[in-house]
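Please read them with the coordinates open beside you.

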Amino acid sequence: MSSNETVAKDVSLEEALPLTQAAYLPGRAYDEMIAAGGAVRPHYEVLQDRIASLGAEELGERQRTLERSFLLQGITFTVYGAESATERIIPTDLFPRIIPAKEWAVIEKGLTQRLRALNIFLGDIYGEQKILMDGVVPRDLVLGAASYRRDMQHLYVPHSAYANVCGSDLIRGEDGEFVVLEDNLRVPSGVSYMLANRDASRRTFPGVFRQAGVRPVERYPDLLLATLKSMASEWNSNPQIAVLTPGVYNSAYYEHAYLARLMGVPLVEGRDLVMHDNHVFMRTTSGLRRIDVIYRRVDDDFIDPLTFRRDSSLGAAGLFNAYRAGNVMICNAPGTGVADDKAVYVYVPDIIRYYLGEEAILPNVETFMCREPSQLSHVLANLDKLVVKAVGASGGYGMLVGPHASQAERDSFAEALKADPANYIAQPTIQLSTAPCLVDGRIEPRHVDLRPFILSGEKVVVTPGALTRVALRRGSLVVNSSQGGGSKDTWVLAEEAAARP
Amino acid sequence: MMLARVADSLYWIGRYIERAEHVSRLSAVMLNATLDRTVGAEQTGRIGLAALGETDSGRANQTYEASRDLALDRADSGSVVASLAAARENARQVRDQISTETWERLNLLYLRITGPGAETDFDDDPPGFLQEIIADLHLFKGAADTTLSHGEGWRFLLLGVHIERAQLIARLMEVCFSDRKTPAVTEPIALMSVLRMACALEPYLREYTADINPRYILQFLMFDEDFPRSIRFCTARIQDLLTHLAHELGAGRSNALRLAGRLDARLKFADADEVEASGAGALLAAVSAECAAIHEAIYETFVAYPLELSLPA
């Protein structure tokens, strides 16, 4: 019997992608579209046919239309310069990244399992702390983490759903298997790009979209609303929900307004909130109105100056007391960050085994804990091969990509490592998978990751879609938007695309 | 039910877009007039600048430079670009409350006037540039009218539009006619320009024929019942909008409503002959002052009300 790869059309690369003068060269990494032998993967065939029928000029025109529509909709972030502020769109690529149904089924099961375990874990460490007693996760690692909130100890959280919205970052290694790079349980963003990219790709490739059988993502806002409602359902069947934003100067403001608009709930800022008698009210034109559930897009540190950072003016003084009194739900719960800490990450497979008695469906990336002296010396000896990350940092900051760094950068990072080893972890440099992108009129492979969004309330729901982030510089492995990354739409197919005759 | 901050922003969007439209129109009329070398053209330039608060009399013969600054100078808070930027910033803050269609019209306009090509576009064809802004603002208002719910938010938006408009027209009339002994405008060409500045030439002609005289202009722009840029029309709308809002929001005894009712009555029952005999200056000044007072009262009633009164017992 022939394998999938030989069933697929056997075409030379130049023929498949006439646009590229030098052929599309996937390189060492796993390519989403082209299999190792040079054949187009079956689930990409429909798209590839369409691309081949369009010229460079037409593709460029579609790309420009796409960018204009983003600018017009105001899907921008602001770059503050010395004197003026300019608005930029996040670079967006017109080719969708396609995931076949079979692969998605694994991702969905794996993430559901992961989130169930992480939520139980959070309930445990803010409750009886059995997992610490049993020594599965080192006590000091959890209780000493900067993101651990002692104030959350013994507070009741309905359904033990601490991380109501999670965006986990998955990557594909060279063998093509998906692994989890990190979980984002605090205030993950990017879901509006998932929805906006989908809107755009439906217009860019309508025929292909129809033919491919793409699963819809448009239900995300109402599923989010249902998740938020379920957090108050035990005592209030029709709670007043609000989205709390740091304000218009936040880089994700567009997303906050977008979600509020699509859920039909008010978008509030700290200055709109009034605390009275441990209840939260918002100031409306007709007086004060009570709020029951707050979907906050403000970090833990800033939500309540009385409990957390005193210099914050983004939250509302007394909000945490109202939460403690059970008069308002804060989603995600404060203190969820401890479960996506880069050091706790190492123990997630153990956490899954401990609570669920199952093996992790989606594996972790091999990780060295610099707090262990033996692993530290291994890391120091192999700095040129590893990626080193600060435990508390995110967004691509505080990170060293060994193979791409200069000797001087490695030396100074080594000093920082030796000074505070517990603050760092290291992982092998993984060649993320690549996907075709339109770059300066040519189709070239660029490294991508995958951020699906998982909602946890009464139930755990994984939206069949994701944000695919793209490292736009050739060879770069860093996809964060703060580091020059872009995005593209992600198509999750309803069923395996049948091999064509 | 609407956040107080949101109502405030919607109100200001209304004010800023009305201001942008008025400034664009005045500049366009001035620029057109300067093509002639007549007394009327000179008068038009002078009143146009005065109505826009340009006190520097040295600029009277530099209409082009003045218009360019009024359109594109971001440092001048009264310029078209500053008003549009402010309107758009307010719209961004209430993005969840306004329809996509409405937002996109305003955003497009903002991107164009702040874009790199704006100055060249202006220099190529200044009146054309300004006319296009006015047309785009009409599109914005049309999109808002046809896609927004005509509820609370809509009323705050329109309140902003009409309070701003009443003040702007009152200011234009004051500049032209408040001094009875030496009126600023006498030339028929300049009088026509005044009507154009209020977008009123054609409706005026239909009402009074081509008999253009200051007395009728004053009557038309102050007391006409149906023309949307007459002061009386604006005050009637303000009163109507506030009546609805106060009713819906349980602010029946609001000071804003009382002030609006009083101002509306003054215009509705004014004796046009008497106003003309004693000079319109007093009434026009009163309109400006009362609008300012209504503005304050709206803020106190719906936005920055004292919390003590609204806390649950």
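What radius of gyration would a compact globule of 501 residues have, and what does chain A have?

1. The model is a predicted one, and my remarks should be read with that in mind. On the opening question, a compact globule with 501 residues would have a radius of gyration near 23 Å, and chain A, which has 23 Å, agrees with that expectation. The C-alpha trace of chain A spans about 70 × 60 × 55 Å along its principal axes, and 47% of the 501 residues count as buried. Among the contacts in chain A with a separation of 6 or more, residues 24 or more positions apart account for 70%. The secondary structure of this chain is made up of 17 helices and 23 strands.

2. Chain B is built from 15 helices and has 0 strands. For its 313 residues, a compact globule would have a radius of gyration near 20 Å, and the 20 Å of chain B agrees with this. Its C-alpha trace spans about 70 × 55 × 35 Å along the principal axes, while buried residues make up 49% of the chain. Of the contacts in chain B between residues at least 6 apart in sequence, 72% join residues at least 24 apart.

3. The two chains meet through 22 residues of chain A, which are in contact with 22 residues of chain B. On the chain A side, at least two residues each are supplied by α4 (56–73), α11 (253–263), β8 (267–268), β9 (273–276), β10 (279–284) and β11 (287–290) of chain A. Sorted by class, this side of chain A has 11 nonpolar, 7 polar and 4 charged residues.

4. Which residues touch the most other members of the largest nonpolar core? In this core of 242 residues they are A:I294, A:V344 and B:M173, and the largest share of the core, 17 residues, comes from helix α1 (residues 4–33) of chain B. As background, nonpolar side chains tend to be buried together in soluble globular proteins. If neighbours within four places in sequence are left aside, A:I294 is in contact with A:A242, A:L244, A:V328, A:M329, A:I330 and A:C331.

5. An open sheet of 4 strands in chain A has the order β14-β17-β15-β16, with antiparallel pairing. At its edges stand β14 (368–369) and β16 (399–401) of chain A, each with a single partner strand, so one side of each is left without a neighbour in the sheet. Strand β15 (residues 386–390) of chain A pairs with β16(A) over 3 bridges in the antiparallel sense, and A:K389 has A:M399 of β16(A) as its bridge partner. Helix α17 (residues 407–419) of chain A packs on this sheet, where it touches β15, β16 and β17 (424–428) of chain A, and its direction makes about 135° with that of β16(A).

6. A second open sheet in chain A is formed by 3 strands in the order β3-β23-β22, with mixed pairing. Its edge strands are β3 (92–99) and β22 (468–471) of chain A, each of which pairs on one side only. On average, and with direction ignored, neighbouring strands of this sheet are turned by 40° against each other. Antiparallel pairing over 4 bridges links β22(A) to strand β23 (residues 485–492) of chain A, and A:T468 stands opposite A:K488 in β23(A).

7. The hairpin of β5(A) and β6(A) has 5 residues between its strands, and A:G176 in the turn has a positive phi of about 85°. Strand β5 (residues 169–172) of chain A runs antiparallel to β6(A), with 4 bridges joining them, and A:L170 has A:V180 of β6(A) as its bridge partner. Strand β6 (residues 178–182) of chain A is mostly covered, 4 of its 5 residues being buried.

8. In helix α11 (residues 214–223) of chain B, the buried residues are B:I217, B:L218, B:Q219, B:L221 and B:M222, and they pack against α8 (152–177), α9 (188–197), α12 (231–248) and α14 (272–278) of chain B. The C-alpha atoms of B:G142 and B:M1 are separated by 24 Å, the two residues being 141 apart along the chain.

Technical notes:
Residues numbered from 1 in each chain as written. Chains lettered and ligands numbered in written order. Predicted model: local features only at pLDDT ≥ 70, side-chain atom pairs only at ≥ 80, totals over all residues. Contact = placed C-beta atoms within 7 Å. Nonpolar A, V, L, I, M, F, W, Y, C, P; charged D, E, K, R; others polar. Core = buried A, V, L, I, M, F, W, Y, C linked by C-beta atoms within 7 Å. Buried ≥ 20, exposed ≤ 12 C-beta atoms within 10 Å, placed from the backbone. Rg over C-alpha atoms; globule rule 2.2 N^0.38 Å. Pairing = 2+ DSSP bridges. Axes fitted to C-alpha atoms, helices over the stretch in contact; angles between N-to-C directions.
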